[in-house]
Amino acid sequence: MNKKEILDKFSADPQRYYNVNLFEDQGFERKSCKTCNRYFWTLDANRDKCPDHSDDTYSFIGEPPTSKRFDYTQSWKEVESFFVKNNHTSINRYPVVCRWRDDLYFTIASIVDFQRVMGSKVTFEFPANPLVVPQTCLRFKDLENVGVTGRHFSSFCMIGQHSIPNESGYWKDECVNLDFNLLTQQFGIDKKEITFVEDVWEGGGSFGSSLEYFVRGLELGNAVFTEFQGDLSDYKTLDQRIIDMGAGLERFAWITMGTPTAYDCCFGPITEKLIQDAGIDANSSVLVPYFTEIAKNLELYDDLSQVRKNAIKSTGLSDEQINRIITPLEGIYLIIDHIRTLIFAISDGALPSNVGGGYNLRIMLRRIVSTMDRLKLKFDLDEIIDIQIDYLKNTYPELEDTRDDVKEIISIEAGRYDSSKQRMQKIVSKLDKEPSVTDLIRLYESDGVTPEYLKEMKVISEIPSTFYAKLSDLHQSKKQKEQLTLPLEGIPDTELLFYGDDPREFSAKVLKVFDNFVVLDKTGFYARGGGQEPDHGKIAECDIVDITKHGNIVVHEIKGEIPKEGETVSCVVDSTRRDGITKNHTSTHIINTSARSVLGSWVWQHSAFKEADHARLDITHHSALTDEDVLKIEQAANGIIESAIPVKIENFDRGTAEQKYGFRIYQGGVVPVKSVRIVSIGDLDIEACGGTHVANTSDVEQIKITRTKRIQDGVVRIEFVSGDGAKEFVKKKQVDSENKEKEEKLREQEKERRLEQRQLAKERIPVIAKSLLECKQGSVTVDDITMELAESGKANFCYSTSDNYDDVFHIGLGETLCKTDPKLVYCGLFEQGEKVRVIVYAGEDISKEKSAGEIVKSISQILGGAGGGSPKFAQGGGTDKSKKEDAIKNAKSMIIQ
Ligand SMILES: [Zn+2]
Ligand SMILES: [Zn+2]
């Protein structure tokens, strides 16, 4: 089933699908476009083409169709007051980070706010009916258009008008009536200017008709009536029909202001300020014709550079005008747009990184910085953020709370980009041909080289229009969960005792046995889930190996003699293990909130793991933690324990919980059930969580952070212990430090002893020399000094490698010995700090054949160092302490063979 087929079918029966009361009442005429045959509805007798093909397309630029002028902020106020006046509830925007859907990183449409995915089914949860919402939406597909086309944004406000037809909501007639009155009454647009175009929508197994409404070729909104499910040959009406009217607020502002681009009227005072700072003559009369041409050409060509070329040609702009006015303006629009998107994303807890949705944010930040570099614009990012938040908070007051956090993250990320540039320069200098799109993606992915940078370096002339779409595709898909199929058909849900009285001993009936798996009618064993490890214990005589949950059925994997189906078995939970895990689970929540208060609002749980004797929490954070960060987090966590705060567990309807506590509750990810279990530690930490928890934070006793580590870009791991584990950790640390102290003391003592020894040795030089010289053949050792005589009687060798002696001793003894024995070579080796030093003396006679200098050179080489001196006295050394004996052997072989 494709859209064209549905449209053909619906347009063949306009009476049923499209003809609303308004068209009858006002006398709208249904026509078929002379160019494309599309059907549309109009009050203008002369109009014979659809908005895409009309001559008045984009003629509002420079000449708006209404005398009212509303900027972005005022436009929302007008829309809101109109719908509220007409019995709609105005609700606050939902976060742009889509925490309630695990198939989306960012909120891409207002209807997404109310969609909840359960299995393969999408259900709708409306906090009010009918309602209107100013939903900020993020879309990264058309990034290269942003700033250039006059109407593409990386984030925009979708006016969401939503209704379920029932006693409080309405259906098609009322919807189109309201949209018509909004345009004519509230915005003062002549009704002849409004064209409704017949269209359809389909997705997720359902479909319906839709009416797009245009004014002078600009699509302002699209009212989608999600009505049917099935396929075209056989479909039926949905139980839950939905009106999904989405309109671009930016376009509402633009159509009333008639500025050259939508950017000029949607960002507030920042645009004017940056244009002035950059010294651009923006009042130039070239802008209206240029951007009108851009808008018209966009309908005709896919290739943006072609669009731009055509617009330049037909408005006759010179290169000088392009370089002085158009190019810097495009850059300014891009910078403002991208910063606005980052403000929303960072405020809602997303961080730029190289994974997942963070990737798009990093791209945008790098585009901002490289655009400023390329155009030599020196803007103060903090100032841009301030002015934008000051303007945006008229509609979104919550942005005030994260003003400083946004600045901090953007400044860190911009700094990182600057420092990576040198590396990029090197990589670029090695390129020998113009890179393809695939090359560009590889350069970005593995080396962080942005195409903007390549354009700046004149490696490429244009950024290929498919680059960002391809890149974003690469990072859009999310992990697929693998689901084991087990023979569980017909088995009722397992009663979960740990959510009730939590008995540690209970009996249960065996409902199903397969392989080593057992399903009971009720269980007190916690199944692996939410990062919490499963309980251990016994089912009858069997030990539990693992426990998993499949839907609402708990499956126990056991070993031993497996019980039979129908049997009643007695079960015992390993209580010590469970208590350890439970303390660690509550600790995870405590550390999460502590980290957020110490580090910043961007901290979210990324994932968590809780075992009996250790646990870890991975949080989103931009840098590795410093020792000070860790200390502060640990102190904050233990402060929460000392405050003895009750841990409250309540069940809520999901929608109620979201409205009451916001989306911070989804720390552990999406909750795929209608009722959520909310675990709150006072108002410090409120999370949707299915785990086991202590009753009061004081039960945790103590938390110790054992280690932290940056495990991926934007994610930091905190490993910790709590309860008895923390006490043991503290004890072990105490013992470790005591041992260390003892060792240190022993080392000190040894050092002192050696010093004393060396002092004493010097006084004994004459005595030692006398004893050594008494040796008349063979060898003798006195106080670790050895004298060896050559059999030939031509040379004597005396040496020591003992660390009891120092340089003063060796010099003294060597000199004394060699004076008395002219055939003697003396060699002293000793350690001094990280080095081994060598001192060699040679007697008068032998020095003529075996120079002390030569011997030291040879020894030092073996020790991995160098040395030298005169024939009679030389010194040197090296760093390889393991080669001391080798060195002596070598010296000996040089003298007495
Ligand atoms: Zn047409
Ligand atoms: Zn939890």
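Here is a walk through this predicted model, starting at one end of the chain and stopping at a few spots along the way.

Residues are numbered from 1 along each chain as its sequence is written, while chains are lettered from A and ligands numbered from 1 in the order in which they are written. Because the model is predicted, local features need pLDDT of at least 70 and side-chain atom pairs count only at pLDDT 80 or more, with totals for chains, interfaces and linings using all residues; side-chain values use heavy atoms, leaving out hydrogens and water.

Let's begin with Gly27, which sits in the loop between helix H3 (21-26) and strand S1. Helices (H or I, at least four residues) and strands (E, at least two) are DSSP runs, numbered from the N terminus. Gly27 is partly exposed, with a relative accessible area of 48%; on this scale buried means under 20%, exposed over 50%, and partly exposed in between, using a 1.4 Å probe and protein chains only. Setting aside neighbours within four places in sequence, Gly27 is in contact with Leu22, Thr42 and Leu43, where contact means heavy atoms within 4.5 Å. For a sense of scale, Gly27 and Ile633 are 606 residues apart in sequence and 68 Å apart in space, C-alpha to C-alpha.

Next comes a hairpin. Strand S1 (residues 29-32) pairs with strand S2 (residues 39-42) in the antiparallel sense, over 4 bridges; two strands pair if DSSP finds at least two bridges between them. The hairpin has 6 residues between its strands, and Asn37 in the turn has a positive phi of about 70°. Follow Trp41 in S2 and you can trace the pairing both ways: Trp41 is the bridge partner of Arg30, and in strand S8 the partner of Trp41 is Phe196. S8 (residues 194-203) is joined to S2 by 2 bridges, and the two run antiparallel.

Now for some helices. The axes of H4 (residues 72-85) and H6 (residues 249-257) come within 9 Å and cross at roughly 105°. That makes H4 roughly perpendicular to H6. Axes here are lines fitted to C-alpha atoms, for helices over the stretch in contact, with angles from 0 to 180 degrees between N-to-C directions; under 35 degrees counts as roughly parallel, over 145 as roughly antiparallel, 65 to 115 as roughly perpendicular and the rest as oblique. Where they meet, H4 brings Tyr72, Ser75, Trp76 and Val79, and H6 brings Leu249, Glu250, Phe252 and Ala253.

Further along, two asparagines touch each other. Asn297 belongs to helix H9 (residues 287-298) and counts as buried at 7% relative accessibility. Beyond its close sequence neighbours within four places, Asn297 is in contact with Val307, Asn310 and Ala311. Asn310 lies in helix H10 (residues 304-315) and is buried too, with a relative accessible area of 17%. With neighbours within four places again left aside, the contacts of Asn310 are Asn297 and Tyr301. Helix H15 (residues 437-447) has buried residues as well, including Val437, Leu440 and Tyr444. Just after H15, Gly448 takes a positive phi of about 70°.

Then there's a barrel. It is closed, has 6 strands in the order S13-S14-S18-S17-S16-S19, and pairs them antiparallel. Neighbouring strands of this sheet are turned by 45° against each other on average, direction ignored.

What coordinates the zinc ion (ligand 2)? The donors are His585 (NE2), His589 (NE2) and Cys689 (SG), at 2.1 to 2.3 Å. Donors are N, O and S atoms within 2.8 Å of the metal (3.2 Å for Na, K and Ca), and since water is not among the atoms, sites may look incomplete. Along the chain, the zinc donors follow the spacing H-x3-H-x99-C. His585, in helix H18 (residues 575-599), and Cys689, in the loop between S24 (685-688) and S25 (703-712), link distant parts of the chain, 104 residues apart. Both His585 and Cys689 are buried.

Finally, how many disulfides does a search of the whole structure find? The count is 0, a disulfide being a pair of cysteine sulfur atoms within 2.5 Å. Take Cys157: its sulfur is 7.6 Å from the closest cysteine sulfur, in Cys137, too far for a bond. Likewise, the sulfur of Cys775 is 9.5 Å from its closest counterpart, in Cys798, again too far.
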